[in-house]
Structures are given as structure tokens and as C-alpha cells.
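Please have the structure open as you read.

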Amino acid sequence: MINLGFEACIARLGSGVMRWSLVLFFVGFGLYKFTPDEAAGVAPLMAHSPVLFWVGPLLGQRGGSNLIGVIEIALGAMIALRHIRPLLSAYASLAASAVLLVTLSFLFTTPGLDPASSDAGFLVKDLTLFGAAMWTSAEAFAAARRRTAASATLDRLLSQ
């Protein structure tokens with residue numbers, strides 16, 4: 001067994017690594033969506049998606065990729081705001097979970113995607129990111145609840 005202080009330190013470190021990894025993934029891959037290579041790479045995945053099939057025909061290959069990039073960058077930025085706006089961060093993590101479920105669905109909706117390929121392996125990592133996004137969402141909702149309760153207590157004390 002380890003002492004409680006060390007356990008708390010590990011928990012804080014793990015929480016920070018998990019949250020900031022999500023931020024880096026979403027911002028980094030969001031920026032990458034603005035490149036021609038990435039736009040060409042995601043186009044067939046989006047074309048066969050029951051959720052994103054409409055994006056390419058409406059916005060074009062580059063426009064569709066750019067839209068996904070903007071969404072990913074915005075979610076990453078909002079997740080990063082956990083200590084300033086925990087409720088916003090919680091909803092952003094929840095939205096990131098939904099985005100990750102959509103990307104995981106590409107494993108089943110993209111014709112000819114070999115489950116043993118590096119493309120499929122790249123998508124499978126989103127299962128871990130999905131778990132991280134769900135956890136950071138729950139943690140940020142709890143922080144928002146604590147902040148609201150502390151604020152209400154302070155308001156009651158000041159009004160007396």
C-alpha cells in the first residue's frame with residue numbers, strides 16, 4: 001500500500017495527463033484537418049458515415065474537413081477551460097465523447113477497411129480517448145457542482 005498523500009498526487013497527475021492529452025489530441029488533429037492530405041484521408045470515412053455523409057456534398061472535401069477541424073479545436077479549447085469554466089469543460093468533454101463514437105463507427109461503416117490495417121488501429125485508439133472524455137466530463141460536472149454549492153454557501157453567509 002502507498003500513503004494517502006502519494007495516492008492523491010497520482011490521482012491529480014493522472015487527471016491532468018488525461019485531460020491535457022484530450023486537449024492536445026483534439027487541437028492537434030483539428031489543426032491537421034486543415035491540410036489537403038488529411039482532407040483527402042477523412043473524405044471516404046465521412047462519405048460512408050451515417051452521421052457525416054452530408055458534409056462532403058454540402059461543403060466539399062476541404063470544407064468538410066475544415067468544419068471537423070473547427071469543431072475539434074473548439075472542443076479541445078473548451079476542455080482546457082476546466083479550472084475556469086468547469087461546466088463548459090464538462091459539456092465539451094461530453095461532446096468529445098460523441099465525436100469519438102462517430103469516429104469509432106467508421107470501423108463498421110467504411111467499406112473495405114481492413115480490421116488489421118494501421119487505419120483501423122488508428123481508429124481503435126479512440127476507444128481509450130472515449131473513456132478519457134467520459135471521465136473528464138464526469139469530473140468537470142462534479143467540479144461545477146462543488147463550485148455552485150460553494151458559491152451558494154458564500155451568498156448565504158454574506159446575506160446574513
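## α2 against α3

In this predicted model, the axes of α2 and α3 cross at roughly 130 degrees and come within 9 Å. That angle makes α2 oblique to α3, and the crossing is right-handed.

## α1 against α3

The helix α3 also packs with α1: their axes come within 7 Å, with a crossing angle of roughly 155 degrees. An angle over 145 degrees counts as roughly antiparallel, so α1 is roughly antiparallel to α3. Here the crossing is left-handed.

From α1, the contact draws on Arg19, Trp20, Val23, Phe26, Val27, Phe29, Gly30 and Leu31, while α3 brings Gly69, Glu72, Ile73, Leu75, Gly76, Ala77, Ile79 and Ala80. Eleven of the contact residues are nonpolar, three are polar and two are charged.

## The largest pocket

What lines the largest pocket? Its lining has 32 residues, and those nearest the centre are Lys33, Val42, Glu72, Thr103 and Phe106. Two or more lining residues come from each of α1 (4-32), α2 (36-47), α3 (55-80), α4 (86-109) and α5 (118-159).

The space in this pocket is about 680 Å³. Its lining divides into 23 nonpolar, three polar and six charged residues.

Technical notes: Residues are numbered from 1 along each chain as its sequence is written. This is a predicted model: local features need pLDDT of at least 70, side-chain atom pairs count only at pLDDT 80 or more; totals for chains, interfaces and linings use all residues. Side-chain values use heavy atoms; hydrogens and water are left out. On a 1 Å grid over the protein atoms alone, a cavity is a set of points where a 1.4 Å probe fits but cannot get out, and a pocket is an open set with protein on both sides within 12 Å along at least five of seven lines; lining residues have an atom within 4 Å of a point. Grid points are joined across faces, edges and corners, and a volume is the space filled by probe spheres set on the points. Helices (H or I, at least four residues) and strands (E, at least two) are DSSP runs, numbered from the N terminus. Ala, Val, Leu, Ile, Met, Phe, Trp, Tyr, Cys and Pro count as nonpolar, Asp, Glu, Lys and Arg as charged, and the others, Gly among them, as polar. Axes are lines fitted to C-alpha atoms, for helices over the stretch in contact, and angles run from 0 to 180 degrees between N-to-C directions. Angles under 35 degrees count as roughly parallel, over 145 as roughly antiparallel, 65 to 115 as roughly perpendicular and the rest as oblique. A crossing is left-handed if the near helix is turned anticlockwise from the far one by less than a right angle, and right-handed if clockwise. Contact means heavy atoms within 4.5 Å.
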